[in-house]
Amino acid sequence: MSDAKVRLYVEQPLGRGQPVPLTQDQAHYLFGVMRLARGAAVSLFNGRDGEWRAEVADTGKRGGTLLCTDQTAPLRLPPDLWLLFAPIKKARTDFIVEKAAEMGAARILPVQTRFTNSERIRQDRLQAHAVEAAEQCGGTFVPEVADLTNLERLLADWPADRRIMWCDESLVGARAGLLEAAGGFEARGFEEGPKRPSPGPWAILIGPEGGFSEKEQARLRRMEQVVPVSLGPRILRADTAAVAALTLWQSVLGDWR
């Protein structure tokens with residue numbers, strides 16, 4: 001276990017004896033804000049090499065160097081789960097990205113639908129939120145946040161083996177949970193045997209505040225990979241629905257089982 005009080009995401013490779021040069025912003029945070037001195041411990045991760053304890057070797061206002069000493073945690077990969085969601089207001093979109101990173105999404109894809117309120121996003125800013133979430137919750141993996149993609153184009157090239165848990169608000173109050181859908185997988189040739197969905201490549205799809213258009217709903221219902229589910233007896237806001245859907249999937253199919 002590391003004695004470090006600060007966790008930091010870096011791009012460089014990590015390993016015993018590996019020097020890690022700091023950017024000006026990282027140096028300002030460690031030495032100007034956190035007041036770390038030479039010899040202080042810092043926990044580092046890069047999304048590839050697990051978590052490493054490092055010590056401050058050199059300090060400066062515009063840079064510095066850390067030196068890796070010991071690995072304190074292995075890389076912990078999340079399940080093969082993507083989150084697709086229609087961006088909403090800025091703060092609530094930030095919330096969705098942060099919670100998806102914390103809850104084990106492997107990839108986060110903002111999608112443009114007929115009724116999506118936002119026509120553009122700041123992909124770099126959302127990626128930074130995913131990094132901050134991993135830093136704060138002890139994660140060693142950072143999901144990629146893709147740029148805004150048109151839903152229709154995305155579905156046109158959708159992988160045949162990746163199922164989509166579609167949170168269909170027209171099913172509010174219906175008994176259409178993930179476990180209940182297991183028989184549907186068998187009927188469409190996805191699985192034989194136990195009445196339980198199998199893990200593997202999955203995605204969760206959360207719609208915009210205005211819901212999906214009739215054309216989009218018809219497109220989704222034609223796809224064999226799509227599994228419509230209900231998130232309970234109440235209509236949820238998009239940010240709440242994302243957390244509820246991730247919780248449901250993780251508890252049934254993911255690494256919470």
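## Close-up views of a predicted model

The chain folds into seven helices and twelve strands, where helices (H or I, at least four residues) and strands (E, at least two) are DSSP runs, numbered from the N terminus. This is a predicted model, in which local features need pLDDT of at least 70, side-chain atom pairs count only at pLDDT 80 or more, and totals for chains, interfaces and linings use all residues. Residues are numbered from 1 along each chain as its sequence is written, and side-chain values use heavy atoms, with hydrogens and water left out.

**View 1. Five strands make an open sheet.** Follow the strands across and you will read the order E1-E3-E4-E5-E2, with mixed pairing; two strands pair if DSSP finds at least two bridges between them. At the edges are strand E1 (7-9) and strand E2 (19-21), each pairing on one side only. From one strand to the next, the twist averages 40 degrees.

**View 2. Strands E3 and E4 pair in the antiparallel sense.** Five bridges link strand E3 (residues 41-45) with strand E4 (residues 51-59). Look for Ser43 opposite Arg53 in E4, and for Val42, whose bridge partner in E4 is Ala54. The hairpin of E3 and E4 has five residues between the strands, and here Gly47 takes a positive phi near 85 degrees.

**View 3. Strands E4 and E5 form another antiparallel pair.** Eight bridges join E4 to E5. Asp58 is a handy place to start, as this residue stands opposite Thr65 in E5. The hairpin of E4 and E5 has four residues between the strands.

**View 4. Helices H1 and H3 lie across strands of the sheet.** Helix H1 (residues 24-33) lies across E1, E2, E4 and strand E5 (64-73), running at about 175 degrees to E1. Helix H3 (residues 123-137) lies across E1 and E3, at about 150 degrees to E1. For these angles, axes are lines fitted to C-alpha atoms, for helices over the stretch in contact (heavy atoms within 4.5 Å). The angles run from 0 to 180 degrees between N-to-C directions.

**View 5. Trp82 and Trp158 form an edge-to-face aromatic pair.** The structure holds four aromatic pairs. Rings of Phe, Tyr and Trp (its six-membered ring) pair if their centres lie within 6.5 Å; planes under 30 degrees apart count as stacked, over 60 as edge-to-face and the rest as tilted. Trp82 and Trp158 are 5.6 Å apart, centre to centre, with 85 degrees between the planes. This pair links distant parts of the chain, 76 residues apart: Trp82 is in strand E6 (residues 81-85), and Trp158 is in the loop between helix H4 (151-156) and strand E10 (163-167).

**View 6. Two arginines lie over the face of Trp82.** Arg107 is 5.0 Å from the ring centre of Trp82, and Arg162 is 3.7 Å from that ring centre. A charge sits over a ring if NZ of Lys or CZ of Arg is within 6 Å of the ring centre and within 35 degrees of the ring normal. Are the two tryptophans buried or exposed? Trp82 counts as buried because its relative accessibility is 15%, and Trp158 is buried too, at 8%; buried means under 20% relative accessible area, exposed over 50%, partly exposed in between (1.4 Å probe, protein chains only).
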